Amino acid sequence: MAAAQLRRDVTTLEEQVTLVDLVDRVLNAGVVISGDITLSVADVDLVYVGLRVLLASAGTLDRLAAEAAAA
Amino acid sequence: MSSLDEKLLVASGDLARLERPVREIGDVFPRRVSADPETVERGLAQLVLTLVELLRQLMERQALRRMDEGTLDDDEIERLGRTFMKLAERMDELKAEFGLRDDDLNLDLGPLGKLM
Amino acid sequence: MIHLYAFVLGAEGIEELVRLGRVEAVVGREAVDAVGHGLAVESLVGRCRSVLPVRFGERFPDEAALRRAVEPRLAELERRLDELTGCVEIGVRVAPPEERTAVETGTDYMRAAGRRQADLRDLDRRLQPRARKSADARYLVARTEVAGFAAEVERYAREHPELALVCTGPWAPYTFAAA
């Protein structure tokens, strides 16, 4: 299937709201085949399998946040 | 081809109370990098904060679902709430450090794609 | 790498399919991000009799691996696809009236967030009769009933101008995929 194009000039709050609803569903709902991966917040496990691909960036986000804080 | 505009069936009241205010889905991050280190830093901060805000919203929703289901005990609820509060505070601090207003936060989903 | 978007029944004009009997898996061989995944799944809704969205992140090294992983669940997937035929999902979100209550403890924070859900109870009562199922302010609605459903939400919004409210959809039935 060809990758869908997202129009990257979305500017309104309405479109923002809709995008959050889409991403929430895509990451947090739908059929799971490969099993769940757990993400912890404050030592509480929140099941969030979609974040498997985001977890690779968590280290990057930490580093960037640390750089920002040190600035 | 964004079909997202057709997905808003009803919108009423001040939507900023549902989300942090207006964001732009701008260029994919690398195109923002310029020779000016200050610009780069600020751009990175914008990106980080926007992504963190998105994640915070999604995780809060997940936590609320668990709370409704009754699968969190009182201690867990307290800890989760405190963490989300701290996260919101920390974001305000970071925004202040970079002189960013809510308006400046870009929602850039480039990294969600990069990680593939 | 094969990316799995959704399971469908009655696919029209979709190129990348893995046929699993009546059920077909819609796949892609290019990398796609979360938003791309979502938009692609939404584009299936008009083109298939039934769409069962798959969570973002499901990937398989090849078609054989996908078949092995899905085989044991096929009967269940087919059952859900039949149940979801002609249905879409609509979500409602509400922010409370402005209140300047000081939130000090983590529990208060969560309770305030939870109170937003309470505002939905009234609306929920009015929407229930128009939905096949509901969960967590998300409703499974027949596609033919979407306009009437949205009109009811619009009426509620007009009666409660103090609330910030959004109603989005129709979405593929993500929330009801695991019913």
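Of the 179 residues in chain C, 44% count as buried. Buried here means 20 or more other C-beta atoms within 10 Å of the residue's own; exposed means 12 or fewer, partly exposed is in between, and C-beta atoms are placed from the backbone. In chain B, buried residues make up 36% of 116.

A word on the source. This is a predicted model: local features need pLDDT of at least 70, side-chain atom pairs count only at pLDDT 80 or more, and totals for chains, interfaces and linings use all residues. Residues are numbered from 1 along each chain as its sequence is written, with chains lettered from A and ligands numbered from 1 in the order in which they are written.

Now the chains. Chain C has five helices and nine strands. Those are DSSP runs, numbered from the N terminus: helices are H or I with at least four residues, strands are E with at least two. The pattern along chain C reads β-β-β-α-β-β-α-α-β-α-β-β-α-β. Chain B has three helices and one strand, in the pattern β-α-α-α.

Next, contacts. Two residues touch if their C-beta atoms, placed from the backbone, lie within 7 Å. Take contacts between residues at least 6 apart in sequence. In chain C, 70% of these join residues at least 24 apart. In chain B, 85% do.

On to the sheet. It is open, it has five strands, and it crosses chains: S1(B)-S9(C)-S6(C)-S8(C)-S7(C), with antiparallel pairing. Pairing needs at least two DSSP bridges between the strands. Which strands sit at the edges? S1 (8–12) of chain B and S7 of chain C, each pairing on one side only. Neighbouring strands are turned by 15° against each other on average, direction ignored. Axes are lines fitted to C-alpha atoms, for helices over the stretch in contact, and angles run from 0 to 180 degrees between N-to-C directions.

Walk across it. S1(B) meets S9 (residues 164–171) of chain C over four bridges. Val10(B) stands opposite Cys167(C) there. S6 (residues 87–95) joins S8 (residues 138–142), both of chain C, through five bridges, antiparallel. Gly91(C) faces Arg138(C) in that pairing. Arg138(C) is also the bridge partner of Ala135(C). S7 (residues 133–135) of chain C and S8(C) share three bridges. Their hairpin has two residues between the strands, and Asp136(C) takes a positive phi near 55°.

What lies across this sheet? Helix H5 (residues 146–159) of chain C, over S1 of chain B and S6, S8 and S9 of chain C. H5(C) runs at about 5° to S1(B).

Now the cores. A nonpolar core is a set of buried Ala, Val, Leu, Ile, Met, Phe, Trp, Tyr and Cys residues joined through C-beta atoms within 7 Å. The largest has 67 residues, and Leu44(C) is one of those with the most contacts inside it. Domain 1 (2–83) and domain 2 (87–176) of chain C both contribute, so this core lies between them. Those domain bounds come from an automatic or database assignment. Beyond four places in sequence, Leu44(C) contacts Ala6(C), Val8(C), Val26(C), Val51(C) and Ala172(C). A second, separate core of eight residues includes Leu72(B), Ile77(B), Phe84(B) and Tyr109(C).

Last, chain A against chain C. The contact takes 22 residues from chain A and 35 from chain C. Helices H1 (13–28) and H2 (52–70) of chain A are the elements giving two or more residues to the chain A side. H1(A) gives the largest share, eight residues.
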